[in-house]
Amino acid sequence: MDGVLLRTEPADVPFLDVGAINARHADELKAVAARVIDSGRYVLGEELAAFEREFAAWCGVPHAVGVGNGLDALALILRGYKQLGALGEGDEVIVPGNTFIASFLAVSANRLLPVPVEPDPLSFNLDPARVAAAIGPRTRAIMAVHLYGQLADMPALAALARQHRLLLIEDAAQAHGAACDGRRAGAFGDAAAFSFFPAKNLGALGDGGAVVTADARLARAVAALRNYGSEVKYRHLFQGVNSRLDELQAALLRVKLKYLDDEVAWRRRVARRYRDGIRHAQIRLPGVAREEQHAWHLFVLRCPHRDALQQHLQAHGIHSQVHYPVPPHRQPAYPELHHLSLPLTERLHEEVLSLPIGPTLGEDAVARVIAACNAFRCPP
Ligand SMILES: *Cc1c(COP(=O)(O)O)cnc(C)c1O
């Protein structure tokens, strides 16, 4: 019976079809690629300058600096603040325990110490009360990650940062388009890092990233740091790196930025349908206080039988993923953090499952995902 049903099912529901997203704009993307090829200018030219202006304006922040990827964006913010004297070696940076490894890597690469804090289990984001409890004499910064696309509690974190004179940095790599009272991710902290990895809400056709900030001194420092520490050719203010957003990616991103609002709106619509349609005693749907706060990079549910649910969905042709299976403090890369006990974080990593979501996910596919979730029978 089941076999017959499976054979008559339409094609699989992919987790995210990046090719289909770009195919919708293929003519425009190819035209601007040709423009860049013909221009003869491939690094630090007009396309980058224009994208930086347009992306800064979209975020509602005065400065954007294009860099090679999201990890470099985070790392160069911290490096810039070190260069400006606001951070020093061995200083502590509060980070969420449950995040992608890049949030930690940016901190430790600058010889700063990541101090992981347990999340709020409903929003998956930093819990301001736990952040307050983790602030000590060496704490100099809070790195808020808008995990899965949902804005962290920025008013509360900003108040803590002000009170304790800490830097507040946003890892907005998943949150293009999340907002609070019309203010977008990237506009809350001292500086924010975005990623344009192809699968992010605003994806390049390769790697890319940006630092956005209202702090003109930091913007200037990061612009130099990304380019060998240089503002004027062959004069080097800092021991910088080479991490630039190239002309081709900048031009492609300018095209895709035009469609970002519509794409985020579609993600919200998919999420609304999941939240209205999925009804299962063992599936906990993601909590969100207000619609605009979530840009739905990922739709992450919790289930105590996560692996069985994932297999069940796979049997129905539905591709899901786990973000993330192992928390940073348990990774082989961080033996110095293995002694930490973060029970909530560890439990989340065992229970979270990400359903397909994206701007090209059709209504029929959404209906199939909902039906398959509701038909899940927990193992005894
Ligand atoms: C993707 C991501 C990054 C890193 O961005 P890359 O462009 O892949 O280097 C950093 N933080 C978070 C939360 C991310 O999801």
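Reader: Hi! Is Ile37 buried or exposed?
Author: Ile37 counts as exposed because its relative accessibility is 53%. Here buried means under 20% relative accessible area, exposed over 50%, and partly exposed in between, with a 1.4 Å probe and protein chains only. Keep in mind that this is a predicted model: local features need pLDDT of at least 70, side-chain atom pairs count only at pLDDT 80 or more, and totals for chains, interfaces and linings use all residues. Residues are numbered from 1 along each chain as its sequence is written, and side-chain values use heavy atoms, with hydrogens and water left out.

Reader: Thanks! Where is Ile37 found?
Author: Ile37 is in helix α3, residues 26–39. Helices (H or I, at least four residues) and strands (E, at least two) are DSSP runs, numbered from the N terminus.

Reader: Nice. What does Asp181 form a salt bridge with?
Author: Its partner is Arg290, with the closest N and O atoms 3.0 Å apart. This pair links distant parts of the chain, 109 residues apart: Asp181 sits in the loop between β6 (179–180) and β7 (183–184), and Arg290 in the loop between α10 (247–277) and β12 (299–302). Asp181 is exposed, at 63% relative accessible area, while Arg290 is partly exposed at 38%.

Reader: What about Asp261?
Author: Asp261 pairs with Arg184, and their closest N and O atoms are 2.8 Å apart. Again distant parts of the chain are linked, with Asp261 in helix α10 and Arg184 in strand β7, 77 residues apart. Asp261 counts as partly exposed at 39% relative accessibility, and Arg184 is partly exposed with a relative accessible area of 22%.

Reader: Last one: which residues are linked in a network of salt bridges?
Author: Arg35, Glu47, Glu54 and Arg254 are linked that way.

Methods:
A salt bridge is a side-chain nitrogen of Lys or Arg within 4 Å of a carboxyl oxygen of Asp or Glu.
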